[in-house]
Amino acid sequence: MVAPAVLAAAAKAAKVAKAAQAAQNVARTAGGGGRGQGGPGGGKKKSNLKWWLVIGGAGLLPIGGVCILVLILITSVLGASGGGAAAAACAEYGENANAGNTSDAAATSPIMPAGKVYTPSETARNEIPPKMILASMRAAARYKGLDWTLIAGQMYQETKFGQDPSAAPGGKNSAGYMGILQFGRPAWQDYGADGNGDGKKDLYNIDDAAFAAANFLHAKKAETEAWEALRFYSGSSAGNTIYMRVVLTQAARYRGSLTGDKDLVKDWYDHLKKTIDKNPGFPTLGKQSDIPEPVDNNADPNTALSIPSSPARSWSTPSLGGSGSGGTTTAMAPAAYTLPTASLGTGSTGLDSRLLALPVAAPALVLPLAPDDGPSAATGKDWQWPMKEGSYTIGSKYRQTGNMWSLGYHTGLDLVAPTGTPIYAPADGKVVKAGSGGSYGNQTNLQHASGVITLYAHQSSIAVKVGQSVKRGDLIGKVGATGNVTGPHLHWEVRVPGVDNPFVGGQDQGPGMVDPEDWLNGKITANPDYGTVPGSGDSGRDAQYAGCAQSTDGTPVAPDGAGVTGVLPDSDDPVVRAALGWAQRGIGVPYVFGAPRLQGDSPVSFDCSSYTQWAYYQASNGKINIGANTYEQERKLAAHKVALSDAQPGDLIFFRPSSRGSEHVGIVWDPAGKKIVHAPRPGKDVEFSTWDVQDPITAVYRVPIPAGTNAVEGDGKGSHDHA
């Protein structure tokens, strides 16, 4: 669904603000907030209720969009430096914090260099009808740097590649959205396109809809701000991340090799057309088919590549000359295919307009692709250490062996320092990743001259965004203990093209890991330039979030749902607060039914009850053991039951009543936002959620703290990581 652009004056916004807020509250209760939560690929919701306002004759806007727009407009009237701006920022923080997702880069897609395109991966070829691959590629090629996999990901999330009845000609869903990409009439009027060159703009036509989606995404700057562009498209509130996570997860799965070889792209166009011609009737829009649906609402772009490809179907696209990745490819010499030229825009094509207009002639052989050179070249002596001398000590070195690392050895260099110690760019470059990195915690990747990548893991906060250019010495983040760690430190990797990457099988062209100390040998400038240094007044994002929450009477919570070290919920008891710290540290650990109990400082798995047991056991130095399963925990805590309305951070909340007792348990994190942290089920990791989307609540219990119990904080003092 595309949210149409509306309202241009603050005066009009003020008239609807009060009604908008009231309606938004109702919509949230109903699980609304944009079709990112509804439809065939949407999330859980208690009602199909959809709230819209007609504003100033300009069209329809989802209530969440009205509230955000009102804040923006009012802020512009008050002045960017006045109280209005601060209030808007705090309101945004409060909404996101309750959703467990405040990171600016909770999920992003890689920035695709202009003039290049991803070839379809094996997953894309097996799972996407070739009509949809071809339509997405052609549509995205009209704009420099627009990634076709975003459009394909939308086709999946919106209608599962046309399987929903609303995708069929004449069909519409309960909210009035139509076609494979779920347009409404006002949005189609603004962005509709003739993608197949028949002189019509038909929102039920696959090519026309794909071209319209490309128009919208480009207008919302999806080339560099994919998350926000997709949020606008879906009409999702900032706190509702389902739509964006599903689309970006699928997009990551669909990407093959990145290429700028125009002949190779032509080969793919022609190969897809040949595949379509073998089965021109597939799919029938609006009908269920055997198109696989491997991703659900719990999607996480950071784990996309761990989701296996579904087996090929009869309609699937075969590899191109025996290579599905677009690497070294022996061409097939298929028949030529002339792509239509209608509605191509005004010369904005990202590759070459001939890719859309000329017959395809397949070369006999496509040579291996050269790696992307990245930013402009730099000399060998303009690097520096990423942390200021004296602010760190060397921990685990590169290639140090040990069973705490998944590969059996360490892939980087650890610089051990207290949480909050600044991290700086060691050389000029561009941010290509900024967000959750799984076991790496909060992770930033910079791309430097000649394709060199540097990686910064376990940060407490990230100070840059994807697509941002940085200079040597710019602040990029701060040391933390996020992800799989035993204490605060920076895990630093240097990856160089042409080196085998152990995490990607067969990727012998790199970029792969090298020793950071060896890399810097002879490259360090005599005059390091560190921008923001300790004591300079830079408070960091964690402190800003904490201050924001306090100034608006909100509960201070961690600024990212991925388990950052930061502000914990307030608690009068230091042991409870320590237990919350240990619980936060466990975020990202996978759920395993019957996981071993009390695994010590660095557990490798949890189920729901072992997680709650572990948090309090660790926080009390072994003095508090609430029991090994939910039934035992309920019995031990029976005398300490509290009303749900009186729940406090650190209380245990039980769900799913049965004849034996409750079957699930979590830890209350933020009662005001109904926020909990728990180990959900197989296939999931420990994560934040809210208690209103779980099974029926059985009871809430407060863990008693014996007198004289000493709190043991969860940040530890070790230096080993497990990335």
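Biologist: What should I know about the model before we start?

Modeller: The model is predicted, so local features need pLDDT of at least 70 and side-chain atom pairs count only at pLDDT 80 or more, while totals for chains, interfaces and linings use all residues. Residues are numbered from 1 along each chain as its sequence is written, and side-chain values use heavy atoms, with hydrogens and water left out.

Biologist: Is strand β19 mostly covered or exposed?

Modeller: Mostly covered: eight of the nine residues in β19 (residues 662-670) are buried. Buried means under 20% relative accessible area, exposed over 50%, and partly exposed in between, with a 1.4 Å probe and protein chains only. Strands here are DSSP runs of E with at least two residues, helices are runs of H or I with at least four, and both are numbered from the N terminus.

Biologist: Which strand pairs with β19 over five bridges?

Modeller: β18 (residues 652-657), in the antiparallel sense. Two strands pair if DSSP finds at least two bridges between them. Ile653 stands opposite Gly666 in β19. The hairpin of β18 and β19 has four residues between the strands, and Gly661 takes a positive phi near 140° there.

Biologist: And how many bridges join β19 and β20?

Modeller: Three, again antiparallel, with β20 covering residues 675-678. The bridge partner of Val668 in β20 is Ile676. These two strands also form a hairpin with four residues between them, and Lys674 in the turn has a positive phi of about 55°.

Biologist: Switching to rings. How many aromatic pairs are there?

Modeller: The count comes to 16. Rings of Phe, Tyr and Trp (its six-membered ring) pair if their centres lie within 6.5 Å; planes under 30 degrees apart count as stacked, over 60 as edge-to-face and the rest as tilted. One of the pairs is Trp383 with Trp519, edge-to-face at 5.6 Å centre to centre and 80° between the planes.

Biologist: Where do Trp383 and Trp519 lie?

Modeller: Trp383 is in the loop between β6 (365-366) and β7 (393-394), and Trp519 is in helix α13 (residues 516-520), so the pair ties together parts 136 residues apart in sequence. Both Trp383 and Trp519 are buried. Lys523 lies over the face of Trp519, at 4.1 Å from the ring centre. For that, NZ of Lys or CZ of Arg must be within 6 Å of the ring centre and within 35 degrees of the ring normal.

Biologist: Now charges. How many salt bridges does the structure hold?

Modeller: It holds 15. The rule is a side-chain nitrogen of Lys or Arg within 4 Å of a carboxyl oxygen of Asp or Glu. Among them is Glu228 with Arg231, whose closest N and O atoms are 2.9 Å apart.

Biologist: What separates Glu228 and Arg231 in helix α9?

Modeller: About one helical turn, because they are three residues apart in α9 (residues 226-234). Glu228 is partly exposed at 28% relative accessible area, whereas Arg231 is buried at 8%.

Biologist: Which residue does Asp428 form a salt bridge with?

Modeller: Lys471, the closest N and O atoms being 3.8 Å apart. The pair links distant parts of the chain, 43 residues apart: Asp428 sits in the loop between β9 (422-424) and β10 (429-436), and Lys471 in the loop between β13 (469-470) and β14 (475-479). Asp428 is partly exposed at 35% relative accessibility, and Lys471 is exposed at 54%.
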